[in-house]
Amino acid sequence: QAANPHRALVAVRELTTWAARSDWEQILDAYARCVRITRGESADHTVDTALFQHDEEGALNAAVSAINAQIDPAANVDAVLSAFAPIVPTINAYFDAVLVNADDPAVRANRLGTLQAVAALLADRADLSHMSGF
């Protein structure tokens, strides 16, 4: 948000409040797992629900879709994290059940697309990769 210093200041204040929460470590870890796996990808992968092999894939996809429908594009950090925090268990269940790097290239790309959608939730709002614990 460097192009808008006021929004950047608001974001820093909101993020500071979030980082003081007792559940912040779990929230950051869930988001960071999605970002770390996908940040080296040169392609943006689309999600094809027909390729889902686990219920957890559909659950995470539905959760991200619900957040995207709920969040205004102009929403700042607090609004996104407020919508994101409840899906932390869904992300954890996804990683417990799903092998992202599947042997089938189409399935792997689909799974990466789901994680890219999670990572995109905070795009243009905050780069959490600079935070301790990321």
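In the predicted model, Tyr94 touches Glu56, Glu57, Leu60, Val100, Arg111, Thr114 and Leu115, leaving aside residues up to four places away in sequence. Tyr94 lies in helix 5. Its relative accessibility is 0%, and Tyr94 therefore counts as buried, since the cut-off for a buried residue is under 20%. Val35 stands 59 residues from Tyr94 along the chain, and the C-alpha atoms of the two are separated by 14 Å.

Tyr94 is one of the buried residues of helix 5, which are Val88, Ile91, Tyr94 and Phe95. These residues lie on the same side of helix 5, because they cover an arc of only 120 degrees around the axis. The face turned away from this buried side carries Pro89 and Asp96, which are exposed. The buried residues of helix 5 pack against helix 2, helix 3, helix 4 and helix 6.

Two packed helices are described by the angle between their axes and the distance between the axes. For helix 5 and helix 6, the angle is about 160 degrees and the axes are 13 Å apart. Helix 5 is therefore roughly antiparallel to helix 6, as angles over 145 degrees are counted in this way. The crossing of the two helices is left-handed. On the side of helix 5, the contact is made by Ile91, Tyr94 and Phe95, and on the side of helix 6 by Arg111, Thr114, Leu115 and Val118. By class, five of these residues are nonpolar, one is polar and one is charged.

Helix 6 (residues 105-119) also packs with helix 3 (residues 55-70), where the axes come within 10 Å and cross at roughly 30 degrees. Helix 3 and helix 6 are therefore roughly parallel to each other, because the angle falls under 35 degrees. This crossing, too, is left-handed. Glu57, Leu60, Asn61 and Val64 of helix 3 meet Arg111, Thr114, Leu115, Ala117 and Val118 of helix 6. The residues of this contact comprise five nonpolar, two polar and two charged. Ala106 is another residue of helix 6. With a relative accessibility of 37%, Ala106 counts as partly exposed. Ala106 and Ala119 are 13 residues apart in sequence, and their C-alpha atoms are 20 Å apart in space.

In helix 4 (residues 77-84), the residues Val77, Val80, Leu81, Ala83 and Phe84 are buried. They lie on the same side of helix 4, because the arc they cover around the axis is only 160 degrees. The buried residues of helix 4 pack against helix 1 (5-19), helix 2 (24-38), helix 3, helix 5 (88-97) and helix 6.

The packing of helix 4 with helix 1 has an angle of about 35 degrees, and the axes are 8 Å apart. Helix 1 contributes Ala11, Glu14, Leu15 and Trp18 to the contact, while helix 4 contributes Val77, Asp78, Leu81 and Ser82. Of the residues in the contact of helix 1 with helix 4, five are nonpolar, one is polar and two are charged. Val77 and Leu81, which take part in this contact, are among the buried residues of helix 4.

Terms used: Residues numbered from 1 in each chain as written. Predicted model: local features only at pLDDT ≥ 70, side-chain atom pairs only at ≥ 80, totals over all residues. Heavy atoms only, no water. Axes fitted to C-alpha atoms, helices over the stretch in contact; angles between N-to-C directions. Helix = DSSP H or I, 4+ residues; strand = E, 2+ residues; numbered from the N terminus. Parallel < 35°, antiparallel > 145°, perpendicular 65-115°, else oblique. Left-handed = near helix turned anticlockwise from the far one by under 90°. Contact = heavy atoms within 4.5 Å. Nonpolar A, V, L, I, M, F, W, Y, C, P; charged D, E, K, R; others polar. Buried < 20%, exposed > 50% of the residue type's maximum accessible area, 1.4 Å probe, protein only. Arc of directions from axis to C-beta.
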